[in-house]
Structures are given as structure tokens and as C-alpha cells.
Amino acid sequence: MAVYQRFRRVFGNPAVRGATARKRNEKSTTGSAPFSPGRDPDRLGSIVEGLTARMGWNSPLARSDLMLAWAEIAGADTAAHSTPVGIEDGTLTVECESTAWATQLRLMRVEITTRIAERYPDAGVQSIRFSGPDAPSWKRGPRSIPGRGPRDTYG
């Protein structure tokens, strides 16, 4: 009978139980159950996307993605003869292998600009500038001067 009374005091009466047993019992009644709403972890992609939006990195990341995906945007054959150099003030500068390729890409400017606007709207590309290979030209340019210029020293 003494054993029964002791078990009843320890296990049967909640007031006699220790503080840890009461806390354990209170935790189990909170309603947390597996597969309940809000228990699934967030996907890594959505976490990174939220972080980039909060930090203001969407535009630089879209620009670098555009530079890396140039072959998909312009086409494999065209990308083999042209390379995007950079984006400044909403203008994408593309260096071409020859002046013929630069002319061909100027004819395709509308198509390429449309693809960029559809796939990378955060890049902020408004226009594209295609340039041929770098060769000295004294006739035109932002730093040209009127007159004979440096040619009068050639002989």
C-alpha cells in the first residue's frame, strides 16, 4: 500500500510533480505538429532573392547575368564575333570583331534590345552601342579637332 501511495503522489497528482515535468506537459499542448502550416523551411532561392531585393543588388546582378548570357541573347554565331564590354548610363556597349559584324548587329538592334528587356528588365538597358575594332581615326570622334591635326607631322 505504501508503494501505491508513493506512485500516486509522484505520477498521479500534478501538484506534486517537479517543475520540469510541468514544463514538458505545457510544451506538448502548444499545438505544434509535423506538416502544419509554417513549419516548412524556405527555399534558398527565395531567401537569396529577398536578400538581393532588400540590399538593392537586383540591377547589378541583372547586368552581370546579361553579360554572361550574351550567347543566348544574341545567338551563338553572333556571340562568337562580338563581346559585351559594359553597361553605362543605360547603354550596353558591344565590341565586334569587324566593322561588318558591327553593321550586322546594328541591323539586329531592335531584336536584341527586345530580348534584353524581356529577360533582364532590372538591368536598365535602354540602348545598345556596337563598335568595330579599335583603329585610330582622326576624322571624327569626341576628341577630334578641326584642321589637319596630328597628320601634318607624318612626312
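Leu51, Met55, Trp57 and Leu61 make up a nonpolar patch on the surface of this predicted model, and together they have about 370 Å² of accessible area. A patch here is built from residues with over 30% relative accessible area and no salt bridge, where nonpolar side chains (Val, Leu, Ile, Met, Phe, Trp, Tyr) are joined within 5 Å and like charges within 9 Å. Accessible areas come from the Shrake-Rupley method with a 1.4 Å probe, and for residues only the protein chains shown count as cover. Because the model is predicted, local features need pLDDT of at least 70 and side-chain atom pairs count only at pLDDT 80 or more, while totals for chains, interfaces and linings use all residues. Residues are numbered from 1 along each chain as its sequence is written, and side-chain values use heavy atoms, with hydrogens and water left out.

**The chain as a whole**
- The chain holds eight helices and three strands, which are DSSP runs numbered from the N terminus (helices are H or I with at least four residues, strands are E with at least two).
- Of the 155 residues of the chain, 19% count as buried, where buried means under 20% relative accessible area, exposed means over 50%, and partly exposed lies in between (1.4 Å probe, protein chains only).

**Around the patch**
- Helix α3 (residues 44–55) has 12 residues and reaches 16 Å from its first C-alpha to its last, close to the 16 Å expected at 1.5 Å a residue; the expected span is 1.5 Å times one less than the number of residues.
- After α3 comes glycine 56, whose phi is positive, near 80 degrees.
- Tryptophan 57 lies in the loop between α3 and α4 (58–68), and tryptophan 57 counts as partly exposed because its relative accessibility is 40%.

**The salt bridge**
- The structure holds one salt bridge, meaning a side-chain nitrogen of Lys or Arg within 4 Å of a carboxyl oxygen of Asp or Glu.
- This salt bridge joins the side chains of glutamate 111 and arginine 115 (3.9 Å, N to O).
- Glutamate 111 and arginine 115 are four residues apart in helix α8 (residues 109–119), so about one helical turn separates them.
- Glutamate 111 counts as partly exposed at 45% relative accessibility, and arginine 115 also counts as partly exposed, at 28%.

**The sheet**
- Three strands form an open sheet in the order β1-β2-β3, with mixed pairing; two strands pair if DSSP finds at least two bridges between them.
- The edge strands, each pairing on one side only, are β1 (82–88) and β3 (127–131).
- Strand β2 (residues 91–96) pairs with β3 in the parallel sense over five bridges, and valine 94 stands opposite phenylalanine 130 in β3.
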